[in-house]
Each structure stands twice: as structure tokens, then as C-alpha cells.
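These are my notebook entries on one chain.

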Amino acid sequence: MISEKVKSLLLNKMKLSKKPGQPDLCVVGPVQLPVQLDNQVVTFNWYTWLRLDEKKSEEEVLESLTGASLASLQQSSVLVYGDFEESDQAVIRMHSICHTGDIFGSKRCDCGYQLRESMRKIVANGSGALFYLADHEGRGIGLFSKSLAYILQQEGFDTVEANHALGFEDDTRSYQDAIRVLSELRAKPVTLITNNPKKLAALQESGLLADNHIPLWGDISDYNKNYLATKVEKSGHIPLKEKLASHS
């Protein structure tokens, strides 16, 4: 049983996001999070959210935590910097979790580079938000399936072919919950950090108030050049032929 004192400390940091026809989201934050970014410590406001399978109050969410086994599931979160709600120019990154690239520093992709560089761009801009989307591993197929796709890629399949061979679509990611959380934090338009104008258009169709995008290329190597070329050729990413050519 959670004490009344603990509840009083937590409930004012919890908010239910409700939308007709969709499950409620319980949004928690802000939590001040100092982050080592290069040679400086930058303080972000950190929010997490939980999709609720049934209607609950904030207090009922707290009471159900110990039986929810949340550690066996995945929850997404967002780092917010500056006066995100009111600033005229804010940039955001919808970053899909990449266990191998973000944590281990794998050179098979450019995800780890994009994660850190997005944080740098947000801080340099003065306001922004980085959404870390935990159910997006392997473009939505999960870490275990991604490991199988990697084996196929070692045998000559490209990223899209490997996902298809396992019975998945090219990309099964959903941004619906992230857009809802964004709308709770900011009503003004944002600029999206992405190399994919199709992604911007798809997010706009889903309700994202974004009027522009910023490309984010870097950390191109012999290890990931085919992966990046597939993004350009099959996923609509902005061509970077001159950079990719230097590693051919």
C-alpha cells in the first residue's frame, strides 16, 4: 500500500491523456535529468508515459505498479529542453530505440550517432524534445526478431528484404502515442529532425504539427554504407550519394 505522503508527492506529477476511441496514457513528469553531453552537463526535463489497457485514475495506476511487471515490458519517454511549451522555434527527434547502436555503439547503423547529435541540436537550438520510442526496435519487429534479421543481412539481404523474409512489413512503427504526448507538452508547430521527408509527411497526416525538417547524416562507414543506401533507395531518405560514394 502506497502511503498518502508518497501519493501527495507523485500525483501532481501524473496526468491522464484521454482521446476518444483510444486507450488512456498516463504521463509522468517532469523529472530533472542532468545529462553529460560532450564536455558539458545539460539538464533536461524527462517525461515517461504508460498506455493503460483499462480505465484507471492516476491513484489507481500507482496502486497497481507492483503487480504490473513493467520491467518485462517497454515504456517510452521524452527529454525536453528549454521553454518547449512557449518557444517559437522548437526542434524534435522521434528516435526509435536501437539496443545495438544506442547502447553498444554498433557501427552497423547510424542510430547512436543520431541520438547524441539530436541532443546536441536540441540544446544548440535552445528548446526541443527527444522522444525515445521503446517499442520501435528493428522498425517495430523487436530485438529478438532484429537479431534474426541481422543474420540474414550478413548473408546478403538488405534491411527491407530481411524484414520481409521474416514475414514482417518494412516498417511497423506507430507514432500515435508520441504525438499525443507531444500535444500535451506543446501546442505550437515544431521542426522534425529526420532524413526522411516521407516520415515527416506521414507524421503530419497523423496529427503532428511540424512545418519543416532538419536532415541528420553522419558516422558513415564501410560497416553501414549498405544500410544507409537502402534507406535512400527503398525508404525515401534524402540522397547522400557523394558521402556514400566516398566509402564505396
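I began with strand S5 (residues 91-96), which runs parallel to S6 and is joined to S6 by six bridges. I took strands (E, at least two residues) and helices (H or I, at least four) as DSSP runs numbered from the N terminus, and I counted two strands as paired if DSSP finds at least two bridges between them. Ser-96 has Leu-133 as its bridge partner in S6.

I noted that the model is predicted: local features need pLDDT of at least 70, side-chain atom pairs count only at pLDDT 80 or more, and totals for chains, interfaces and linings use all residues. Residues are numbered from 1 along each chain as its sequence is written, and side-chain values use heavy atoms, with hydrogens and water left out.

I then turned to S4, which pairs with S6 in the antiparallel sense over five bridges. Here Val-80 has Ala-129 of S6 as its bridge partner. I checked the cover of S6 (residues 128-133) and found five of its six residues buried (under 20% relative accessible area; exposed is over 50%, partly exposed in between; 1.4 Å probe, protein chains only).

I looked next at S7 (residues 190-193) and S8 (residues 210-214), which pair in the parallel sense over four bridges. Leu-192 stands opposite His-213 in S8. From S7 the chain passes through helix H9 (residues 197-205) to S8, and this β-α-β crossover is right-handed (clockwise from the first strand over the helix to the second, with the strands pointing away from the viewer).

For helix H8 (residues 176-185) I recorded seven of 10 residues as buried, among them Asp-177, Arg-180 and Leu-185.

I searched for aromatic pairs (ring centres of Phe, Tyr and the six-membered ring of Trp within 6.5 Å; planes under 30 degrees apart stacked, over 60 edge-to-face, the rest tilted) and the count came to two. Phe-44 counts as buried because its relative accessibility is 1%.

The chain has 11 helices and eight strands, and buried residues make up 44% of its 248 residues. Of the contacts (heavy atoms within 4.5 Å) with a separation of 6 or more, 65% join residues 24 or more positions apart.
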